[in-house]
Amino acid sequence: MNTHTILRPIFLLATFIVALLTIVGCGDDTRHYVIGVSQCSEDSWRSKLHDELDIATYFNEGVTLRYASADDDPNLQENQINEMIDAGIDLLIVSPQQMGELSSAVDRAFDKGIPVILFDRKTGSNKYTAFMGADNYEIGRMCAEYVAEQLHGQGCVVEIGGLKSSSPAIDRTRGFRETLAKYPGLKIVGFGNGDWKEASGKRIMEDILKTYNGPIDCIFGGNDRMALGAKKALLEGGRGDCPIVVGIDALPAEGLGICQVRDGELTASAIYPTHGDELMTLALNILEKRPYQRENLMVSSLVTAANARVLLLQYEEVVRQGNYLRRMHERIDKTLHTIVLQRTIIGAFILLVTFIAIVSILFVRAYRQKHQLNTELRDKNQLLATQRDELQRQRDTLQEQHDQICEQRDLMESQRDELAVQRDELQKLAHLTPA
């Protein structure tokens, strides 16, 4: 058995194993991305965004999301972003608390070649790949037009602005103020910046009521929670209900914006869209080098008592479809897990059978070659025995011839001795005979 004969089946086995492992191991050639999502706080609006992003991953199996929420702590958010960068992410989605904050961490990500999407809010640095958020100026303008229409251009307004120095608060106030300025009969009689929470809206209104005793025809809040907080302070202060209370966010869940409009707690609320599916599309366009826009503004609309119920019905259908997608995704995950397990078991079984088959082939080959060698060896032994017998016969013949030669030599020596004796006797007789 030569080396080539031995190695050929082994080479075939190795080739087969590599091919089989390739088939078993390759589920798809989709590239996998890790996307970090850094939120400045945690609330219903951001939870809705997370749900939409999660659903978007169902259609993009190669995406893994890593969430972090800083609970309104910019130092914590900066540390979380740096941890994401160090852990290794392919893209960063960040919603900073205020402009100017987080610039160092976001700039670090950008400088390291990690694409950065600013969502909802901007930082103050130009080092970002894309921005996606609502047109907050347009939202402020739209709310001001609604207020002017409801009050017929005459009335006193209290504005509760959002977090000072945050880009949404700045743009909403600017859009609201500049539009309201077109109506001289509408006056802002009180203003303060809150922190997007209901308690801050209530506190600001309480402070305003300490110095202002006139009528309040409208409350405009930087979001729904602050608007409701201000309304509660007005009621608790014995000033009566406010005719018009307008907020922003219009979240569709029970007890939130749209439901509050439906129930009369809010007069109107501007939808502050999340559009997690579009955000995921933007992120993948950036990662996969497809065309994208750097500035992406989402369109808003106003929720009033006239359309609140319809919007809630639509949202309930969206939720139902989302839950259905989640169940389908879980079922598909289980099915894929089962398929992968079955594929692995089948692959291992095929490997085992193939290994046994090749080992059996090698064993049969070795047995046959051994049998052939034994036959050849037996034939050679028989030939050697025959040759040995022939040599023995020839040796015996030579021995006989040798013995005969020795006998003839002895005979000749005996004859020679006799001749020598006869010669000596003749010589003696020659001396004795007279001349």
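Biologist: Is Cys 218 buried or exposed?

Modeller: A residue is called buried under 20% relative accessible area, exposed over 50%, and partly exposed in between, with a 1.4 Å probe and protein chains only. Cys 218 counts as buried, because its relative accessibility is 0%. Please note that this is a predicted model, in which local features need pLDDT of at least 70 and side-chain atom pairs count only at pLDDT 80 or more, while totals for chains, interfaces and linings use all residues. Residues are numbered from 1 along each chain as its sequence is written, and side-chain values use heavy atoms, with hydrogens and water left out.

Biologist: How many disulfides does the structure hold?

Modeller: In general, a disulfide is a covalent bond between the sulfur atoms of two cysteines. The criterion applied here is a pair of cysteine sulfur atoms within 2.5 Å. The structure holds 0 disulfides. Cys 218 is in none, and the nearest cysteine sulfur, that of Cys 242, is 5.9 Å away.

Biologist: Which residues have a positive phi although they are not glycines?

Modeller: Most residues other than glycine have a negative phi. Ser 165 has a positive phi of about 75 degrees, and Ala 250 has one of about 50 degrees. Helices (H or I, at least four residues) and strands (E, at least two) are DSSP runs, numbered from the N terminus. Ser 165 lies in the loop between β6 (155–161) and α6 (167–180), whereas Ala 250 is in the loop between β9 (244–249) and α9 (257–262). Ser 165 is partly exposed at 34% relative accessibility; Ala 250 is buried at 4%.

Biologist: Which residues make the nonpolar surface patch?

Modeller: Patches consist of residues with over 30% relative accessible area and no salt bridge; nonpolar side chains (Val, Leu, Ile, Met, Phe, Trp, Tyr) are joined within 5 Å, and like charges within 9 Å. A salt bridge is a side-chain nitrogen of Lys or Arg within 4 Å of a carboxyl oxygen of Asp or Glu. Accessible areas come from the Shrake-Rupley method with a 1.4 Å probe. Ile 346, Phe 349, Ile 350 and Val 353 make a nonpolar patch of about 360 Å². Phe 349 is found in helix α11 and counts as exposed at 55% relative accessibility.
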